[in-house]
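Subject: Structure for you to look at

Hello,

Here is the structure I said I would hand over. Please open it and keep it beside this email while you read.

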Amino acid sequence: TGKLSEAEGAGAGEGAGAASEGAREDAIVCGGEKIGFMRAAFGVCKEVEGGVVRADPWCADGQIRNKEEMRGNIAMVLRGSSSDVPCSFVEKARRVGEAGAIGMIVVNDEDSLISPGDSRREGGDVSFPVVGIRLMDAERMQDRTRVRIAFKEAEEFSPAQRRYLRAVAIFRDKHGDLTRIFIEKSAKTENVLDEIEAELRRKELVIVKMEQREEEMKKITLDDIEDIIDVASVIADNLGASIVHVT
């Protein structure tokens with residue numbers, strides 16, 4: 001990910017755009033309080049406002065029974081399934097969307113943030129925001145509480161700016177100027193993001209490396225590539241990164 005100094009940006013053609021001033025943070029605004037969340041790997045990042053309606057069934061793993069209450073409001077659903085049959089985040093979103101929800105808040109089953117994933121790449125038809133929150137934060141939003149899901153502003157980089165940032169990253173890597181963060185496979189996403197964010201306060205560019213022993217090295221498959229894309233998306237979306245370099 002990169003934020004470049006003015007000196008580096010000079011003479012770079014279109015240059016690397018700086019983050020817009022006064023950008024909001026990602027948050028669910030609830031009665032004057034702000035509840036943090038992580039963006040999903042699918043859906044859209046647009047601001048919505050409405051009442052919070054807990055899905056019935058709570059896991060949204062079956063036909064939604066409270067459609068009337070949900071129409072025009074924001075669905076809150078629990079991660080997982082109430083049976084032995086798995087229920088993906090995309091399936092939940094489609095069900096509440098069919099019931100008329102304008103957004104979906106996924107509640108984790110423990111007190112850590114969750115980024116609702118889409119490993120099968122099936123969520124392209126979900127046209128409303130999907131976010132993940134901690135279990136304890138769900139208790140702060142009662143049924144019908146009016147909330148606003150707000151996203152920090154992001155500025156799209158042009159292809160020329162992206163090429164320039166990649167060139168800077170490669171140059172700095174050769175000179176040992178990049179901070180390297182090694183991620184254990186068992187690490188929680190929330191902890192990884194905290195560590196990366198702390199490094200970004202000290203350095204402008206960071207490389208993230210997934211831990212893998214030599215004996216575990218194998219030929220890259222499509223699934224592996226999709227896993228890497230998921231990691232990059234989580235970092236870019238939730239930390240506001242413009243470019244993520246994952247090796």
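**What was found**

Arg 144 sits in the loop between helix H4 (135-138) and S8; helices (H or I, at least four residues) and strands (E, at least two) are DSSP runs, numbered from the N terminus. This is a predicted model, in which local features need pLDDT of at least 70, side-chain atom pairs count only at pLDDT 80 or more, and totals for chains, interfaces and linings use all residues. Residues are numbered from 1 along each chain as its sequence is written, and side-chain values use heavy atoms, with hydrogens and water left out.

Arg 144 is not a glycine, yet its phi is positive, near 75 degrees. Its relative accessibility is 48%, so Arg 144 counts as partly exposed. Buried means under 20% relative accessible area, exposed over 50%, and partly exposed in between (1.4 Å probe, protein chains only).

The loop between S4 and H2 also holds a residue of this kind, Ala 60. Ala 60 has a positive phi of about 50 degrees although it is not a glycine. With 0% relative accessibility, Ala 60 counts as buried. Pro 57 lies in the loop between strand S4 (48-54) and helix H2 (67-70). The peptide bond that joins Asp 56 and Pro 57 is cis, with omega at about 10 degrees. Most residues other than glycine have a negative phi, and most peptide bonds are trans.

Now the sheet. Eight strands form an open sheet with mixed pairing, in the order S2-S1-S8-S4-S5-S6-S7-S3. S2 and strand S3 (38-39) are the edge strands, each pairing on one side only. Two strands pair if DSSP finds at least two bridges between them.

Ile 28 has Ile 35 in S2 as its bridge partner. The two strands form a hairpin with two residues between them, and Gly 31 in the turn has a positive phi of about 55 degrees. Strand S1 (residues 27-30) is also joined to strand S8 (residues 146-150) by four bridges, again antiparallel. There, Ala 27 stands opposite Ala 150.

Arg 39 is opposite Val 131 in S7.

Regards
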